[in-house]
Amino acid sequence: MRGEEDVKKQSYVIKPHLRKDLPVISHGKGIHLYDQEGKRYIDGCSGAVCASIGHGVEEIVQAMIDQAKKISFTYRSQFTSEAVESLAKRLSEWAPGDINWSFFVNSGSEATETAMKIAIQYWQEKGLNGKNKVISRWMSYHGITMGALSMSGHVLRRKRFIPLLEEFPVVSPPYCFRCPLAQTFPTCKLACAKELEIAITRIGEENIAAFIAESIIGAAGGAVVPPFGYYQEIREICTKHNILFIADEVMTGMGRTGANFGIDHWGVTPDIIALGKGMSAGYTPMAAAMVSDQIIEEIAGGSASIMSGHTYSANPQSAAVSLAVVEYMEKNQLVANARLIGSYLIKELTGLKQQFSLIGDVRGLGLMVGLELVKSKESLETFPLQLGITNRLIAKAMEKGLLVYPASGGLDGRAGDCVMITPPLNVSIEEIDQIISILEATIQELSIELIKEGILQA
Ligand code: PLP
């Protein structure tokens, strides 16, 4: 067996960068992570916007043990379990409108891909076999598996696989900071939402199953919040043209933005919701495609079986953990906390924006907040990607004991820098102050370096 020393000497794990080492994690508690060298990090991004209740929560550990003592695995075609039934019931209470049904999977990519398959099958059950395209937006990320990547308008992540991908991203993102249509809200009259109707007309609604969008754009844009009225318009267009609306809530769902789901901020009910990440707060892989009564009734009255599923779908061990996470969130009112602390975080970051020319925009809702970095506040010019400004900021913050999350900025996906601050939803005001103070020191240091290198003007 390889001991700790060996792990450091030789690793056979394929890591994100094959020539770079990573610190070895030891343990975590609350918003803190500790590596084996004893260094402490503030988890300012909940890992990958995932660990929403912080680390080492006793109730969750207990729920894991309790469920493991009963049963850890059953196959979804042979048994259901109390854990999975209770979780689905709880999620139906969290979800808007008649979104009551959960198809459990293991990752956000599987959730969006399952959502796509359900949408296509729904129309097939109605005899409309041609409706199988899913329209999406540029500046979006719906996952890394081929179906999910086909829907993703993430230029860099698509690039290597373009010949294998469907050309699903067709409409502009609601990115007011750099409006892709060169307009300004509200005089634009939501031209970016209306673009969806133009796209539907061009492609033909008889060929389209659904439109998918992240309610607030995450990794592809750094917490881009659409303007008021955007999703009401999208909902109307989808309904008018017989197209299902899939809200990708993998990052924004389960309280992250200070509402149960990001889409709740617009008071809109989609037809399908994709969930992941915060659903189990990182304690176990768990995700779901949630669908409306109407969709289930249609399929139940037809083939009565959704053509999808994975070996680990709806396994009781993960369901019990996820249920414990949801109960913990309810007991500690973490959705309200995300709303409250999130507005404090945005206020403090706006203060930093006034202090540093490097910060072009502060945006987000609840505890999903993005900073877009610019070369000049006047021109909003972006840095070329090869300068790696985002990664430099992230590495500096990590050196100082703060983890922040990378995102893309800029219009074409080939230039632009963003980081996201997305701490666990039970973060306190004092902890936010610590995050801000490290971030301030980080941006100060980076700005000085960039000025010296002639990249940023003094
Ligand atoms: N959808 C959104 C909005 C995401 O942010 C992500 C991951 O970051 C995914 C889907 C894919 O989730 P996963 O990485 O769990 O497959």
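## Helix H9 and the residue after it

In this predicted model, helix H9 is followed by Asn242, a residue whose phi is positive, near 55 degrees. The helix itself covers residues 230–240, and its buried residues are Tyr230, Tyr231, Glu233, Ile234, Arg235, Ile237 and Cys238. An α-helix has 3.6 residues a turn, so residues three or four places apart point the same way.

## Backbone geometry in the loops

Most residues other than glycine have a negative phi, and most peptide bonds are trans. Several places in this model depart from that pattern, and they are described here in turn.

The peptide bond from Phe185 to Pro186 is cis, with omega near 5 degrees. Pro186 belongs to the loop between strand S6 (169–171) and H8.

Met254, which is not a glycine, has a positive phi of about 55 degrees. This residue sits in the loop between S8 and S9. Met254 counts as buried because its relative accessibility is 1%, under the limit of 20%. Lys277 is another residue other than glycine with a positive phi, near 30 degrees, and its place is in the loop between S9 and S10. With a relative accessible area of 22%, Lys277 is partly exposed.

## The ligand and its surroundings

The residues around the ligand are Ser107, Gly108, Ser109, Tyr141, His142, Gly143, Glu214, Asp248, Val250, Met251 and Lys277.

Individual atom pairs give more detail. A polar side-chain atom of Asp248 lies 2.7 Å from a nitrogen atom of the ligand. A backbone N or O atom of Tyr141 lies 3.4 Å from a ligand nitrogen atom. On the side chain of Lys277, an N or O atom is 3.0 Å from an oxygen atom of the ligand. The protein covers 84% of the 390 Å² of accessible area that the ligand has on its own.

Ser107, one of the residues around the ligand, lies in the loop between strand S4 (99–105) and helix H5 (108–125). Ser107 counts as partly exposed, at 27% relative accessibility. Its C-alpha atom is separated by 19 Å from that of Pro424, a residue 317 places away along the chain.

In soluble globular proteins, nonpolar side chains tend to be buried together. Here the largest nonpolar core has 108 residues, and those with the most contacts inside it are Ile53, Phe104, Phe211 and Leu349. Helix H11 (residues 316–331) provides the largest share of this core, nine residues. A second, separate core of 28 residues includes Val105, Phe168, Ile212 and Leu244.

Leaving aside neighbours within four places in sequence, Phe104 is in contact with Val84, Leu87, Ala88, Leu91, Met279, Met286, Ala287, Ala288, Ser313 and Ala314.

## Thr284 and its partners

Thr284 lies in the loop between strand S9 (272–275) and strand S10 (287–292). Thr284 is buried, with a relative accessible area of 15%. Its side chain makes a polar contact with the side chain of Ser318, at 2.9 Å. Not counting residues up to four places away in sequence, Thr284 touches Ser318 and Val321.

Gly401 is found in the loop between helix H13 (389–399) and strand S13 (402–403). At 5% relative accessibility, Gly401 counts as buried. Gly401 and Asp43 are 358 residues apart in sequence and 8.7 Å apart in space, C-alpha to C-alpha. Beyond residues up to four places away in sequence, Gly401 touches Lys39, Arg40, Tyr41, Ile42 and Ile438.

Glu82 is found in helix H4 (residues 82–94) and counts as exposed, at 68% relative accessibility. The C-alpha atoms of Glu82 and Pro316 are separated by 7.9 Å, although these residues are 234 places apart along the chain.

Notes
Residues numbered from 1 in each chain as written. Predicted model: local features only at pLDDT ≥ 70, side-chain atom pairs only at ≥ 80, totals over all residues. Heavy atoms only, no water. Core = buried A, V, L, I, M, F, W, Y, C linked by side-chain atoms within 4.5 Å. Buried < 20%, exposed > 50% of the residue type's maximum accessible area, 1.4 Å probe, protein only. Helix = DSSP H or I, 4+ residues; strand = E, 2+ residues; numbered from the N terminus. Contact = heavy atoms within 4.5 Å. Near = heavy atom within 4 Å. Polar contact = N/O pair within 3.5 Å; in protein donor to acceptor, adjacent residues only side chain to side chain. Areas by Shrake-Rupley, 256 points an atom, 1.4 Å probe, with all protein chains shown as cover.
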